[in-house]
Structures are given as C-alpha cells and as structure tokens.
Amino acid sequence: MFWTFSSGVRTGWASICGALVPPLTLFAMIPADNATKGKLCDELMAWYMKFPFPEYQPAGLNLPQVPIDSSLCHISVTKWMKEAGVSRGSDERKERCGGLTADTAVKVVNMLNKLHDEGAFEVTTKPHENVESCMSCHNNMQPFTHGKENCMECHGMRPVHMEECEQHVQWLSR
Ligand code: HEC
Ligand code: HEC
C-alpha cells in the first residue's frame, strides 16, 4: 500500500480520514476525463462530511451514528469518541472506523456503477452552505483562503478554547 499514513501502517497523524485516500487515489486512475474525476471527488468528500457513520455494524454493538462535518481523522474520531464515550483503543472505536470504511466503499461502488451505467456523473451532494457564502469574499479579498469544508467547524465556537478552561489557564501561562 502506498498510502502508508492511513490505517495499515498506523502512524496516527489523524490528517485526512484513511477511508478517503484509497477511493480518491482510485478516481485518479479510472479512464475518465478530469472534470468527471473532479465530480467524483466532490461527491465523495461532501457525502463523507454529512453521512452519519457507521451504518454498517456487523458486530451489533449498537454504535451511535454521528455525522462529522469534516474529512479530518482527528475531528472524525474525536467527535465520535466523545459521543460514544469510548477510548481510541476500544473495540467500539475500531468497529466504528471499520464500519465507516465499509460505508465509504459502498458509496464509492455505487458512484462508479452510476458512472458506468449512465456514462456520466453529476454531483448530488453539495458542500456546507457556509462555504459558498464565506468564499464569496475570501476568494477575492484579504485575508484570502481556500477550501470547501464547513468553515464554521473550525471558525465557529468549536474547537474548545483552552483559554476559557480553568484547568488550562495555569498551564498556558507557563
Ligand atoms: C462580506 C465579505 C465577507 C464574508 C461574507 C465573510 N468574510 Fe471573513 N472577513 C472579511 C474581511 C474583509 C476580513 C478582514 C477583516 C479585518 O481585517 O478586520 C475578514 C476576516 C476573516 C477572518 C480573520 C479574522 C481575524 O480575527 O483576523 C476569518 C477567520 C474569517 N473572515 C472567516 C470567515 C468565515 C468563516 C466566513 C463565513 C462564515 C466569512 N469570513 C465571511 C470579509 C468577509
Ligand atoms: C479544519 C479547520 C478549518 C477549517 C475547516 C477552515 N479553517 Fe480557516 N483557518 C484555520 C486555521 C487553523 C487558520 C489559521 C489561523 C491562524 O493563523 O491563526 C485559518 C485561517 C483562515 C483565514 C485567515 C485568517 C487570518 O487571520 O488571516 C481565513 C480568512 C479563513 N481561515 C477562512 C476560512 C473559510 C472561509 C473556511 C471555509 C471555506 C475555513 N476557513 C475553513 C482552520 C480552518
């Protein structure tokens, strides 16, 4: 495997979710034009942000299904562990990421089948509505930025501000 930073090798950087890297790589390799490949990427990314993972739960652990609103493993795993009240090493967390990977594989197969059957692919899942509205300015005026993830996921009230937490104030002023 050449995407060594995601699951298999477990270096744990928690950057892009490891379930997304293989399909995104696969899209680059299929015989289609770049516009179609771009649409496949856009659909998969926007869908991933909204889908309440994990739907596929073969172990029957009755895991909570949580939409994450981010493609980052750090945010995905952390938000889910918070909701489920379990640790990273737990069976529940492993089942959750396994189920998420299966859900993503099903989505990818459905997308590729659609492309194959219809000879074209149209995006049906859009990025969060914040993106269009925030980028209408930040594309063209300073401070410039770039991206399609929900802006408010990071620029809203979350993540937790350590300055506002009693336990951290002393540590921060060291
Ligand atoms: C009408 C245009 C406009 C829209 C829409 C807009 N911004 Fe801005 N934004 C600005 C401008 C202009 C600045 C620079 C303000 C300054 O330097 O005082 C700014 C500054 C910022 C900054 C830097 C703030 C700081 O404290 O330095 C962030 C982060 C930001 N915007 C995020 C967003 C997000 C997220 C959205 C959508 C929810 C958004 N902006 C929508 C015009 C806009
Ligand atoms: C995964 C978290 C994350 C997401 C999602 C995100 N940002 Fe940011 N953004 C950051 C971080 C971190 C910085 C750097 C902040 C700093 O330098 O203090 C930043 C910087 C910025 C800045 C420059 C601020 C400045 O002071 O110059 C703007 C503008 C901005 N983001 C807008 C957006 C918009 C618009 C979106 C949605 C399309 C978005 N961001 C999505 C984390 C995020």
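How do the residues of the shell around ligand 2 divide into nonpolar, polar and charged? Hold that thought. I'll start with the whole protein and work my way in.

First, a caution. This is a predicted model.

The protein has 174 residues, and 19% of them count as buried. It has 7 helices and 0 strands. Read along the sequence, the pattern is α-α-α-α-α-α-α. The C-alpha atoms fill a box of roughly 60 × 50 × 30 Å along the principal axes. Now take the contacts between residues at least 6 apart in sequence. Of these, 52% join residues at least 24 apart.

Next, the core. In soluble globular proteins, nonpolar side chains tend to be buried together. Here, the largest nonpolar core has 18 residues. Cys-17, Leu-20 and Leu-44 have the most contacts inside it. Which helices each supply at least two residues of this core? They are H2, which runs over 34–50, along with H3 and H4. H2 gives the most, with 5 residues.

Leu-20 is then in contact with Leu-44, Tyr-48, Ser-71 and Thr-104.

Now look at helix H3. It covers residues 73–84, so count 12 residues. From its first C-alpha to its last it reaches 16 Å. That is close to the 16 Å expected at 1.5 Å a residue.

Which residues of H3 are buried? Cys-73, Ser-76 and Trp-80 are. They cover an arc of only 75 degrees around the axis, so they sit on the same side of H3. Here is the background. An α-helix has 3.6 residues a turn, so residues three or four places apart point the same way. And what do the buried residues of H3 pack against? They pack against helix H4, residues 91–118. Just after H3 comes Gly-85, with a positive phi of about 70 degrees.

On to some backbone details. Most residues other than glycine have a negative phi, and most peptide bonds are trans. This model has some exceptions to show you.

Begin with Ala-14. Its phi is near 55 degrees, a positive value in a residue other than glycine. Ala-14 sits in the segment before helix H1, which spans 21–29. Is Ala-14 buried, exposed or partly exposed? It is partly exposed, because 16 other C-beta atoms lie within 10 Å. For reference, buried takes 20 or more, and exposed means 12 or fewer.

Then Asn-62. It also is not a glycine, and its positive phi is about 55 degrees. You'll find Asn-62 in the loop between H2 and H3. With 7 other C-beta atoms within 10 Å, Asn-62 is exposed.

Now the cis peptide bonds. One runs from Phe-53 to Pro-54, with omega near -10 degrees. Pro-54 is in the loop between H2 and H3. Another cis bond joins Gln-142 and Pro-143, with omega about -5 degrees. Pro-143 lies in the loop between H5 and H6. Remember Pro-143. You'll meet it again with the ligands.

Ligand 1 comes next. Its surrounding residues include Asn-130, Ser-133, Met-141, Pro-143, Met-152 and His-155. Cys-134, Cys-137 and Cys-151 are also among them. Which elements give two or more residues to this shell? H5 and H6 do. H5 gives the most, with 6 residues. By type, the shell around ligand 1 divides into 6 nonpolar, 5 polar and no charged.

Finally, ligand 2. It is surrounded by 13 residues. The closest are Cys-134, Pro-143, Thr-145, Cys-151 and Cys-154. So where have you seen some of these names? Cys-134, Pro-143 and Cys-151 also surround ligand 1.

Helix H5, residues 129–138, and helix H6, residues 152–155, each supply at least two residues of the shell around ligand 2. The largest share, 4 residues, comes from H5.

And now back to my opening question. The residues of the shell around ligand 2 divide into 7 nonpolar, 4 polar and 2 charged.

Terms used:
Residues are numbered from 1 along each chain as its sequence is written. Chains are lettered from A and ligands numbered from 1 in the order in which they are written. This is a predicted model: local features need pLDDT of at least 70, side-chain atom pairs count only at pLDDT 80 or more; totals for chains, interfaces and linings use all residues. A residue is near a molecule or strand if its C-beta atom, placed from the backbone, lies within 6 Å of it. Ala, Val, Leu, Ile, Met, Phe, Trp, Tyr, Cys and Pro count as nonpolar, Asp, Glu, Lys and Arg as charged, and the others, Gly among them, as polar. The expected span of a helix is 1.5 Å times one less than its number of residues. The arc is that of the directions from the helix axis to the C-beta atoms. Two residues are in contact if their C-beta atoms, placed from the backbone, lie within 7 Å. A nonpolar core is a set of buried Ala, Val, Leu, Ile, Met, Phe, Trp, Tyr and Cys residues joined through C-beta atoms within 7 Å.
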